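Colleague: I am new to this structure. Please take me through the terms and how each one is decided.

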Amino acid sequence: MNKSLIGASTPRLESSEKVTGQTQYIDDLRFPNLLVGRILRSPHPHARILAVHTEAARAIRGVRAVVTGRDFPKKYGLMIPDETVLAVDKARYIGDEVAAVAAETEEAAEEAIDAITVDYQPLPAIFDPEEAMQTNAPLVHENVSKNITIEYHIQRGDVQTAFAASECVIEQRFKTQMQHQGYMEPYSCVMSPEGGRLIAWAPVQDPFTLADQLAGLFGLSATKIRVIQTYIGGAYGGKVSYQRLNYVAALLALRAGQPVRMTNKRWEEFAAGRPRIPVITDMKMGFDRDGKILAKQTRVIADNGACCGFTPGILPVLTMRHENQYRISNIHTDSYLVYTNKVPTGPFRGFGNIQMIFAIESMMDMAAQRLRIDPVEIRLRNVVHAGDLTAHGYRIQTDGLTRCLEAVRDRMESSRAQRKPNHGFGFSCAIHSSSNRTRPFDGTTARLRLNPDGTVHVAASDPDLGQGSRTIYAQIVASELEIPVEQLAVPLVDTDYSPFGLGTYADRLTTMGGHAVLGAARKLKEAILEESATLLGVQKEELEYQDGSVAPRGCPEQTMTLSDIAKRLLWRLGGKTLSIEYTYDPPNTVQRDPKTLMGNTHSTHSFSAQGVEVKVDETTGKIDVLRVVSAHDLGRAINPQSAEGQVEGAISTGIGYALSESYEFDQGQSLANTFRDYGLPRATDIPRIETILIETNDPMGPYGAKGVGQTGTLLPAPAIANAVQDALGVRLTELPMNPDRVLEGILKKQRLDKST
Amino acid sequence: MSVDIEFTINGRCENLAVEPLETLLTVIRDRLGLTGTKKGCDGGECGACTVLLDGEPILSCLTPAVQAHGRAVTTIEGLATDGHLHRIQKAFIETGAVQCGFCSSGMIMATAGLLARNPNPNEAEIRQGLAGNLCRCTGYQKIVDAVLCVAEQSREKEGRRDE
């Protein structure tokens, strides 16, 4: 009897190719007549472009195309059309794409880039978003009247009365930093004009959206574009279709009439990638004497950088998501997305939430301290429960927060009892989305094709980023059809052949894609039974399906395998192939109401909680994270080993965010250009993580499963800040909590203690 | 002004004319077509380009190809023998140490170098030994588990040999 693979730590489908170096990522693919593209970038944070001189560049041997902004001034953008492929009238940040070259060799391309001269007229630049918001600030984009790209103003209930009734009011400013996604594979793509079509190879998270963007930008119909997803060497939100390289390469390829490869050098990832939005948060919360939250007032200032890309989709999340983990009725929030002359920001694991969870989870501990309530207890008194409808209209499906907090508290209990000097304990918890309806359709599709030899092709609509979604899909199909995983193929996404997909983001694949694959597998099984009934001349109800075979009950001699059925259909019943498509679009979600901004946009939510133990060296300011216990409500662990791997990876990104990763800017120039400057955590920086997978059997997920990939990022920064408070009585409110900031905090406290 | 070099790569003899500043990484990937070794930063900071030179792990993006002259280079493609995966490769698969896979070649080669120097490392020594190899997907834990697994298997094998 075939054992179901739901709950099995099935090895990933592609691991044996990856460990032998056989997997071909985009830069491993070879193309005939390939040109190399390179970009000339602005050295000024803000400057008018008076002229671009390309004659010398064009004359260099091997150069096949040189383009400037004026060659293609069309404005575009994923959400707001505020970008051009290359800068036209102004450069808006140091690193801005001003001109590009395609040549036969990288040397020729570099030489040509060096040969291009630009007449710039430097303009006053604006770097601080609070200053950029002011009326007299230099405008980053002149076609709008202010640097505030978009803003939200939300009122729920009555904050004034609620604050007046509060026993304890906490008010604090928090600042979070830019963080690069840090994928090991630099962004790269190949664009190739072939037979009137544009073929794109790219490690992209949303191939159909990339196809759509290319079609719109270059005036081509959908049939003229093909996007072939390549194996993705890490993405975490940073390889969504907004990446400028795609469009520069496409422009060069169309001009040169030959395929062009463009790959970011590592310094270009720092200079011109789209790192996480830095946020300044002013948060004020009112609590009653039992620690119940009565009111919350927040101002959010989000740094857009020089242009948008995905950021208009991030502001609503910053504005609201974190408030849905607690029962809060009285809310007032003003949020702003602000242009500055710095690198444009973008989506990254922990999307629009990691910044705010740092703030709110710090505030909860500040209140706990003031009211003398245990930090886990104060959270338990406020968390949302299954069945709750939050102030923003989220429908909560499980008691994940309670279960995660209790699990973490229990696991940390004995450690907490044996406190050592300079050691501290801290906790945090978080809500995150699993799927997010931002457009009218929010589904995924799966297509299964039964082959004559009994194997099955599983065509999914959305890419595996390396998080293991293809393997999850294979486990689901293998379990439903009762066949070994080895009998399945799960091809990568290709817009010519895959069903239409929105892409991989918002922790949506297990929940949405899982349902699509499950639905398709069940539909295929039904079709197999129907066809078998016809072939065997019996009623469908008389048939039994077991281990990939069908037989009438009590007649094992008439057993037909999947291969038997497929072959008979193909050769005897006139060339019929069983190909089943199934689309899952969650029935319980809506788009946000544009006026009230309310609505249950997420099919469900993942919940998590964490406890950490830290030791702080008061001489050096170094924080050592000694222990991390992290509980995650993922509904059901379809592949526990894979889920743990996701949690561990997310937490290491969260620890980097908390302690070491950041871009410092000097007059708009990023001082982080290499991994060495930047502080990405190494194996010696991350402690052993104890992961607790909490299975709440979420009603909205396939087999009760939902997303878990992002939540680990949200917890470390506030948990560590709370632990530092516990250890030293120092409250750190700015990230990263590097040694300088720790020492500053210690000095400040010493001065305060002396004066009191 | 090219230089003639002769070296073995994964046991096979190669004869090439290389430029003085051409890196071993470029030769491996672009001249010899062995794309299993990756370019993550081209500046010696991520470790994705790690290969073995006479058994020692080196960063091929910082190594001029001329330094390979007369020596033996081993890349990820040379680790498995006769289609049988190396113990390290098997352990990486089984412990779930591979997610996106881009760091895996470098990690595995660095592990081979580490275990050749120290066949029985503890967790701290493993983390120290792999500190030159960045990974953004795994948080390093299952990679460490894979190396501990291989070390354990060696100890068992040694134990059986002593009997």
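Modeller: Start with the salt bridge: a side-chain nitrogen of Lys or Arg within 4 Å of a carboxyl oxygen of Asp or Glu. By that rule, nine salt bridges cross the interface of chain A and chain B. A caution on sources: this is a predicted model, where local features need pLDDT of at least 70, side-chain atom pairs count only at pLDDT 80 or more, and totals for chains, interfaces and linings use all residues. Residues are numbered from 1 along each chain as its sequence is written, chains are lettered from A and ligands numbered from 1 in the order in which they are written, and side-chain values use heavy atoms, with hydrogens and water left out.

Colleague: Why is the pair R676(A) and E45(B) called a salt bridge?

Modeller: The closest N and O atoms of R676(A) and E45(B) are 3.1 Å apart. The limit is 4 Å, so the pair qualifies.

Colleague: Which helix gives the most to the side of chain A that touches chain B?

Modeller: That is α16(A), with eight residues. Helices (H or I, at least four residues) and strands (E, at least two) are DSSP runs, numbered from the N terminus.

Colleague: What area is buried between chain A and chain B?

Modeller: About 3900 Å², with 49% from carbon and sulfur atoms. Buried area is the accessible area (1.4 Å probe) that two parts lose on being put together, summed over both. V19(A), M184(A) and R688(A) supply 19% of what chain A buries against chain B, more than any other three residues.

Colleague: What makes β17 and β18 of chain A a pair?

Modeller: Two strands pair if DSSP finds at least two bridges between them. Five bridges join β17(A) to β18(A), so they pair. These strands run antiparallel, and R449(A) stands opposite H457(A) in β18(A).

Colleague: What order do the strands of the open sheet take?

Modeller: The order is β19-β18-β17-β23 in chain A, with mixed pairing. Why are β19 and β23 of chain A edge strands? Each pairs on one side only.

Colleague: Which residues does the cis peptide bond join?

Modeller: L735(A) and P736(A), with omega about -5°. P736(A) lies in the loop between α19 and α20 of chain A.
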